[in-house]
Amino acid sequence: MAKEIKTIDYDEENDIFYLSNGDKVRESIDIGDFILDVNHDNLICGLEIMDVSENLGISKEVLKSIKSIKMSVTYNTNHVYILLVMTFKKSGKEINMSIPLSLDLGHKTPRKEVLVYN
């Protein structure tokens with residue numbers, strides 16, 4: 001069952017994108033322009049991307065018109081794989097954005113979690 005993304009925000013002036021499922025954050029992990037919020041179960045509950053238009057190659061104008069987002073997180077024993085699927089109102093275009101990250105959150109067995117905003 002997919003969890004709902006409860007907060008989504010794009011700050012055009014500072015070019016920062018943020019999404020969260022609303023879980024209480026235990027810690028934030030800074031990986032360059034990507035900040036991952038981790039809950040008490042060591043699962044990613046939020047994602048912040050600095051300089052998002054540059055990092056994802058999507059114009060600020062298009063980023064203002066997000067219609068839906070799906071974030072799939074796959075946890076393996078020594079890395080986390082994030083896939084963002086974004087749909088925009090203006091273009092009606094769906095963009096798949098992969099964000100592979102090497103990060104150990106202490107998961108003993110692989111698992112996958114899906115967050116959705118519609």
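This is a predicted model: local features need pLDDT of at least 70, side-chain atom pairs count only at pLDDT 80 or more; totals for chains, interfaces and linings use all residues.

**First stop: D51**

Select D51: leaving aside residues up to four places away in sequence, D51 touches D15 and D33, where a contact means heavy atoms within 4.5 Å. You'll find D51 in the loop between β6 and α1; helices (H or I, at least four residues) and strands (E, at least two) are DSSP runs, numbered from the N terminus. D51 is partly exposed, at a relative accessible area of 35%; buried is under 20%, exposed over 50%, and partly exposed in between (1.4 Å probe, protein chains only).

Residues are numbered from 1 along each chain as its sequence is written, and side-chain values use heavy atoms, with hydrogens and water left out.

**Next: the sheet**

Show β2-β3-β6-β5-β4, five strands forming an open antiparallel sheet in that order. β2 (7-11) and β4 (27-31) are at the edges with a single partner strand each, so one side of each has no neighbour in the sheet. Zoom in on β2 and β3: five bridges join this antiparallel pair (strands pair if DSSP finds at least two bridges between them). D11 stands opposite I16 in β3.

**Last: colour by pLDDT**

This is the predictor's confidence in each residue, from 0 to 100. The protein's mean is 84. Among its elements, β3 has the highest mean (95) and strand β9 (residues 94-101) the lowest (68).
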